[in-house]
Amino acid sequence: MKHIKKPEAWMPLIIALALSVGIVVGVFLNSHFRLTPGQEKLGEILSLIQKDYVDEVDIDSLIEQSLPDLIANLDPHSNYIPAKDLKAVNDELEGSFSGIGISFTMFTDTITVNEVIPGGPSEKAGILPGDRIVSINDSTVAGMGIPQTDIVKRLRGMKGSTVKLGVHRSTSKKPLTFEVTRGDIPLNSVDAAYMIDSITGYIKVNKFGRTTYDEFLSGLARLTARGATNFVVDLRGNGGGFLDMAIMMANEFLPAGAPIVETRGRHGGENTAIASDGNGSFQNAGLVVLLDEYSASASEIFAGAMQDNDRALIVGRRSFGKGLVQRQVTLPDSSAVRLTVQRYYTPSGRCIQKDYRLGERGAYEQDISNRYEHGEFFASDSIHLNTDVEYLTLGGRKVYGGGGIMPDVFVPNDTVGISSYYINVLNAGLLQKFAFQYADRRRAALSKADTLDGLLRLLPSDEELLMQFVTFASANKVPARWYYINISQRLIVNYLKALIASDTLGRETYYQVTNKDDTTVQRALLELREGRASAPVTTGMASDADSAQQASVK
């Protein structure tokens, strides 16, 4: 019997940076290891600058400034972290911190929001994943060559202070402005764990941090005590995190000896193949895993293990496609490098890393936008399946690598209720602002409710709530356009109820409200109720548009 073991990918690694050769130019490391011509050239250049440049230059400072560009010429996920930023970067997975509640990446000199922390200040202000931050406190930051470390300093600050963000969003021709009040960032991994029907538990996992497995297992146990025999695990928007958390979660659902993940790197001695130990408590539960285009890395490891072992039905849209493993190496000055050292492979042998070219991070970042423009979010036949990287699951189904996890059941992006009015109020952050102010002004009364149903009974009728919001939006420069308001009425009202409930009773109630109209969640429940996710899947991807291709099970 194979047992879960911690992958060797996290073992300490001692590396020497090429830039350090300035002090050892012309010296052989030993009789077998010589400096390459490139290393010798770099050392000579540094020596030349130090000796003859017109002004005195701090060589160490010059190297420090050059390191991010050096690492940027590798794959899109390797990066250099200066010593002064290392704690802040690690805090995002280790615990909690004060800030605005986003994770972002600098692509082509632009701040791109990857994740908005649930329940954090940015979510309450209306910031969305995919937003580009172009200015901070009226100072332009896009295209200005500002180091990422300085961006972090500008975004973070004293708890209770505000920061003004100028944002470019694809649905708005004009720049958007948001004022975000900095605060403590909640970093729980599990946003919700509740009974979505009499026998089905819903669990929303937003990231894979140090506490994720404990939170996940606790949620499963609570739901089982309430009668859950089926589970919907929602990994939409989950950008990943610690690999071992995904492995331990997968172990809970698999029989002994089932492969979970394999990692392969340049040095074969560090390769690992990890299998389940048979001690999982939920091996017979019905299971659906939800994915979307922002599900990445550890999310794809979990989903890939479930899909390739024919253990769960994957519902939603194609995942991000990150199949690279980073090892964080702390350097002597307490800076760090997160270096890609391995690729991971799902049990069928596929690597789901999407294509990239070394040093071309801008094109890599545009992949999600390209998928949207190509129509992939709305029709399954728009998904590019690379048949050159075809694999088989345990049950013999065809699956594909080279660009994310393909769902067994495709559910298109839901556009019902979307109108220009809805986009305008969403872009202005008015839904979040109205909900927060409504809950804040009535907190004493609303806090008397200890259940979601009790809270909803305290709210005005749908018509009155909508009218109050439209009046609020008009006062904030979004005029009433009733033709479009009527199109979006249900969407607006339900979103407001979810936000008010979240502000009053906690994050879990947000999902209890929104999941009632969430087409992906409802499709997952249908698959469970009709028995298509209670045993290994046997056929390929299905879509709402083609019921003849619906996935079936034994």
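Which residues in α12 meet which residues in α16? In this predicted model, the α12 side of the contact is made by Leu431, Gln432, Phe434, Ala435, Phe436, Tyr438 and Ala439. Facing them in α16 are Ile492, Tyr495, Leu496, Leu499, Ile500, Asp503 and Thr504. Sorted by kind, the residues of this contact are 11 nonpolar, 2 polar and 1 charged.

Now for the geometry of this pair. Helix α12 covers residues 430-441 and helix α16 covers residues 482-505. Their axes lie 9 Å apart, and the helices pack at an angle of about 50°, which means that α12 is oblique to α16. The crossing of the two, α12 and α16, is right-handed.

Let us turn to Ser419, which sits in the loop between β21 (409-410) and α11 (420-427). Ser419 counts as buried because its relative accessibility is 6%, under the 20% cut-off. Leaving aside residues up to four places away in sequence, Ser419 touches Tyr484, Ile487 and Ser488. With Ser488 there is also a polar contact between side chains.

Our next stop is helix α18, residues 519-529. Buried in this helix are Thr520, Val521, Arg523, Ala524, Leu525, Glu527 and Leu528. At the start of α18, a side-chain oxygen of Asp518 reaches towards the backbone nitrogen of Thr520. After α18 comes Gly531, with a positive phi near 80°.

Here are the two atom-to-atom approaches side by side.

| Pair | Parts involved | Distance |
|---|---|---|
| Ser419 and Ser488 | side chain and side chain | 2.6 Å |
| Asp518 and Thr520 | side-chain oxygen and backbone nitrogen | within 3.0 Å |

Conventions. Residues are numbered from 1 along each chain as its sequence is written. This is a predicted model: local features need pLDDT of at least 70, side-chain atom pairs count only at pLDDT 80 or more; totals for chains, interfaces and linings use all residues. Side-chain values use heavy atoms; hydrogens and water are left out. Axes are lines fitted to C-alpha atoms, for helices over the stretch in contact, and angles run from 0 to 180 degrees between N-to-C directions. Helices (H or I, at least four residues) and strands (E, at least two) are DSSP runs, numbered from the N terminus. Angles under 35 degrees count as roughly parallel, over 145 as roughly antiparallel, 65 to 115 as roughly perpendicular and the rest as oblique. A crossing is left-handed if the near helix is turned anticlockwise from the far one by less than a right angle, and right-handed if clockwise. Contact means heavy atoms within 4.5 Å. Ala, Val, Leu, Ile, Met, Phe, Trp, Tyr, Cys and Pro count as nonpolar, Asp, Glu, Lys and Arg as charged, and the others, Gly among them, as polar. Buried means under 20% relative accessible area, exposed over 50%, partly exposed in between (1.4 Å probe, protein chains only). A polar contact is a pair of N or O atoms within 3.5 Å; within protein, one must be able to donate a hydrogen and the other to accept it, and residues adjacent in sequence count only if both atoms are side-chain atoms.
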